[in-house]
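Reader: Can you walk me through this one? Keep it short.

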Amino acid sequence: MDTLGKRIKAARGNITQQDISIHIGIAQNSLSRYERGEKTPDAKFLENFCSYLNISSDWLIFGRGPMRPGEKIPVDGVVRDGSSYVDE
């Protein structure tokens with residue numbers, strides 16, 4: 001996924017924007033704007049979002065490594081542990 005907004009939406013999965021918003025303490029329309037790329041989330045949102053969903057901040061912010069810590073990811077067709085992932 002090439003944008004932060006798309007990664008936020010992917011990480012949210014089937015959880016509603018309203019549910020996420022309630023749990024991390026933001027307005028639902030702010031989350032919607034983050035997902036559409038209309039607004040850039042602040043560090044506190046990123047921290048709370050990653051913590052609530054057990055998402056890697058490196059994956060969320062930069063698109064590197066696995067979505068979740070310890071998750072295996074494919075590299076050159078081979079599934080490897082995310083901790084050994086090398087971004088080329």
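Reader: What does the accessible surface of the protein come to?
Author: About 5,600 Å², and 47% of that belongs to carbon and sulfur atoms. Areas come from the Shrake-Rupley method with a 1.4 Å probe, and for residues only the protein chains shown count as cover. This is a predicted model: local features need pLDDT of at least 70, side-chain atom pairs count only at pLDDT 80 or more, and totals for chains, interfaces and linings use all residues. Side-chain values use heavy atoms, without hydrogens and water, and residues are numbered from 1 along each chain as its sequence is written.

Reader: How many helices and strands?
Author: Five helices and two strands. From the N terminus, the order is α-α-α-α-α-β-β. Helices (H or I, at least four residues) and strands (E, at least two) are DSSP runs, numbered from the N terminus.

Reader: Now α2. Which residues are buried?
Author: Q17, I20, S21 and I24. Buried means under 20% relative accessible area, exposed over 50%, partly exposed in between (1.4 Å probe, protein chains only).

Reader: Why are they on the same side of α2?
Author: Because they cover an arc of only 100° around the axis. That arc is taken from the directions from the helix axis to the C-beta atoms.

Reader: What is on the other side?
Author: Q18, I22 and H23 are exposed there.

Reader: What do the buried ones pack against?
Author: α1, α3 and α4. Contact means heavy atoms within 4.5 Å.

Reader: And which residues are buried in α3?
Author: S30, L31, S32, Y34 and E35, within residues 28–36. Their cover includes α1, α2 and α4.

Reader: What follows each helix?
Author: G25 follows α2, with a positive phi near 75°. G37 follows α3, with a positive phi near 80°.
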